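I opened my notebook to look up a few places in this structure.

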Amino acid sequence: MLAQNHRGHQSHGFATYNGGLEFYSELGLIPPVTEFGIRSRVRVLKGSVGIANVRYATSGSSDVKSLRRNAMPIHGECGNNAVTISFNGNVVNVRDLQQQVGVDRNCSDAHALCRLILIKSTETGSIEEAARKCMEVVDGSFSITGIDNEGTLFAFKDPVGVKPLCYGCSDGIKAFSSESVGLDINGIDLERELRPGEFMKVEDGCVTREQLASCGRRAFCAFEFAYFARPDSLFGDTYVYRARQNFGVNLAQRYYDKALRCDVVISLPETANDAAYGFHEASGLPWDMATRRHRYVTHRAFITGGRERQNVVVRKVNLLKPRVNGKRLAVVDDSIVRGDTTRNMVRRLRAAGAEEVHLFITFPRITGPCFYGIDMATYGELIGAWREPEEVAEEVGANSVNYQTIEDYVNATGMRRNQLCFGCVTGEYPTPMANQMVKEMKQRLTLGEEEMGRIYEFHRGQ
Ligand code: SF4
């Protein structure tokens with residue numbers, strides 16, 4: 001889980017099966033694990049089947065009490081039946097689902113999913129049928145792993161496969177992981193990515209799989225490539241670092257004249273390193289390490305909230321003034337979401353003496369919210385929602401902002417256009433309820449009404 005701590009910082013937790021289910025969860029990042037630490041954990045968490053989670057919240061409140069309540073794995077019991085799940089994604093029809101399964105609205109969507117799985121598996125005696133039910137009634141993204149009360153390990157993905165989830169095995173160990181790096185680091189060979197709508201089960205060491213739903217398209221979150229995933233993870237046939245390098249090549253080629261205006265290319269933040277290298281290769285500009293990252297500030301700025309996000313950036317990244325002073329900079333960044341960290345960074349570059357700052361952004365312009373597990377929920381918070389690139393540049397104090405096109409982005413990933421979700425860029429979402437909510441959000445804005453935060457936490461479908 002250490003290998004995947006970049007996917008969530010709010011809490012971490014583990015569950016194992018040893019004739020019964022055992023749990024451990026705590027707030028924050030996974031602490032450094034010492035030999036003693038491992039031994040003391042193993043005393044609590046016994047068994048040869050386990051699941052774990054690092055949580056990045058896009059549902060429920062962020063006060064300490066809520067974070068503790070919503071730390072995963074989530075456990076549910078009903079008579080003799082029990083189930084525990086780890087969930088990556090976001091339920092768009094969360095209010096309807098909570099009401100349907102009788103879960104308090106102060107709980108996160110994972111509680112409602114766990115309850116649904118518990119109810120259906122109790123009714124039918126089948127965990128597959130419970131997964132099928134999720135695929136029928138849940139609008140949103142979900143990659144789920146879980147254990148039932150007989151120690152069966154199961155995993156499944158939503159019908160369009162928004163979030164990653166892969167399977168691997170080696171020497172009798174079978175494992176599922178959001179990213180292939182979680183398998184690599186444990187010496188487990190990656191077999192493949194689960195298909196959208198696919199269900200897999202490991203029972204008494206035997207693996208079975210079943211296609212429970214098929215809607216004819218895939219909508220893998222495109223943002224995984226630009227920002228969220230680790231560069232050494234593999235999605236489809238493409239390593240994330242390779243896609244990022246291609247992003248940089250594309251940007252240099254598409255904005256070649258602008259690239260040639262610059263003296264040097266730098267990357268900010270670290271997620272843009274591979275793209276900066278690609279940009280350097282294609283443009284011929286020298287690539288300079290003009291920043292140094294503080295090794296012991298481990299939080300990621302994007303998945304940290306509001307004011308804390310600024311603090312993380314300032315604490316984490318220091319500028320080497322001599323490398324910036326008097327230069328016209330091509331700055332490669334992975335994305336501009338709210339613009340606050342970008343504005344701050346441009347201000348610091350100018351203060352360090354940069355003559356010009358041209359931003360080359362690997363992810364296309366984000367113009368709308370995400371409903372599937374990236375915490376950008378309103379138009380108002382997105383700097384690119386209603387602004388053209390020139391206006392974004394003015395807002396953040398840069399000389400220019402140059403976004404990747406969707407076409408270039410798709411080509412760089414090795415996937416096809418209809419295999420990726422670009423909802424936050426195009427406004428076309430892969431599930432019906434998200435499209436309905438976007439329509440409502442726009443209607444409200446037209447009427448001059450204020451946005452309400454995460455609309456899916458207020459919205460009732462029926
Ligand atoms: S809307 Fe954007 S961030 Fe959300 S899943 Fe789709 S591509 Fe990813």
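**Notebook: loops, core and ligand**

I started at Pro73, which I found in the loop between α2 (64-70) and β4 (74-78). I kept in mind that this is a predicted model. I then checked the peptide bond that joins Met72 and Pro73. The bond is cis, with omega about 5°.

Next I looked up backbone angles. Asp171 has a positive phi of about 50°, although Asp171 is not a glycine. I placed Asp171 in the loop between β8 (166-170) and β9 (173-177). Is Asp171 buried or exposed? Asp171 counts as exposed, because its relative accessibility is 80% and the cut-off for exposed is over 50%.

Asp204 is not a glycine, yet its phi is positive, at about 50°. I found Asp204 in the loop between β11 (198-203) and β12 (206-211). Its relative accessible area is 80%, so Asp204 is exposed.

I turned to Met433, which lies in helix α17 (residues 432-446). Why does Met433 count as buried? Its relative accessibility is 11%, and buried means under 20%. I also checked Met433 against Pro269. The two are 164 residues apart in sequence. In space they are 34 Å apart, C-alpha to C-alpha.

Then I looked up the largest nonpolar core. How many residues does the largest nonpolar core have? I noted 77 residues. Those with the most contacts inside this core are Ile85, Phe156, Phe225, Phe363 and Phe371. Helix α4 (residues 109-124) gives the most to this core, with 7 residues. I also wrote down the domains. The core draws at least three residues from domain 1 (2-216) and at least three from domain 2 (239-433).

My last entry is on the ligand. Where does the ligand sit? I found the ligand in the largest cavity. I listed the residues around the ligand in sequence order. They are Val162, Cys221, Ala222, Phe223, Cys370, Tyr372, Ile374, Met376, Cys421, Gly423 and Cys424. I sorted this shell by class. The shell has 10 nonpolar residues and 1 polar residue. I found no charged residues in the shell around the ligand. Gly counts as polar, so Gly423 is the polar residue of this shell.

Key. Residues are numbered from 1 along each chain as its sequence is written. This is a predicted model: local features need pLDDT of at least 70, side-chain atom pairs count only at pLDDT 80 or more; totals for chains, interfaces and linings use all residues. Side-chain values use heavy atoms; hydrogens and water are left out. A residue is near a molecule or strand if one of its heavy atoms lies within 4 Å of it. On a 1 Å grid over the protein atoms alone, a cavity is a set of points where a 1.4 Å probe fits but cannot get out, and a pocket is an open set with protein on both sides within 12 Å along at least five of seven lines; lining residues have an atom within 4 Å of a point. A molecule sits in a cavity or pocket if more than half of its atoms lie within 2 Å of its grid points. A nonpolar core is a set of buried Ala, Val, Leu, Ile, Met, Phe, Trp, Tyr and Cys residues joined through side-chain atoms within 4.5 Å. Buried means under 20% relative accessible area, exposed over 50%, partly exposed in between (1.4 Å probe, protein chains only). Helices (H or I, at least four residues) and strands (E, at least two) are DSSP runs, numbered from the N terminus. Domain bounds come from an automatic or database domain assignment.
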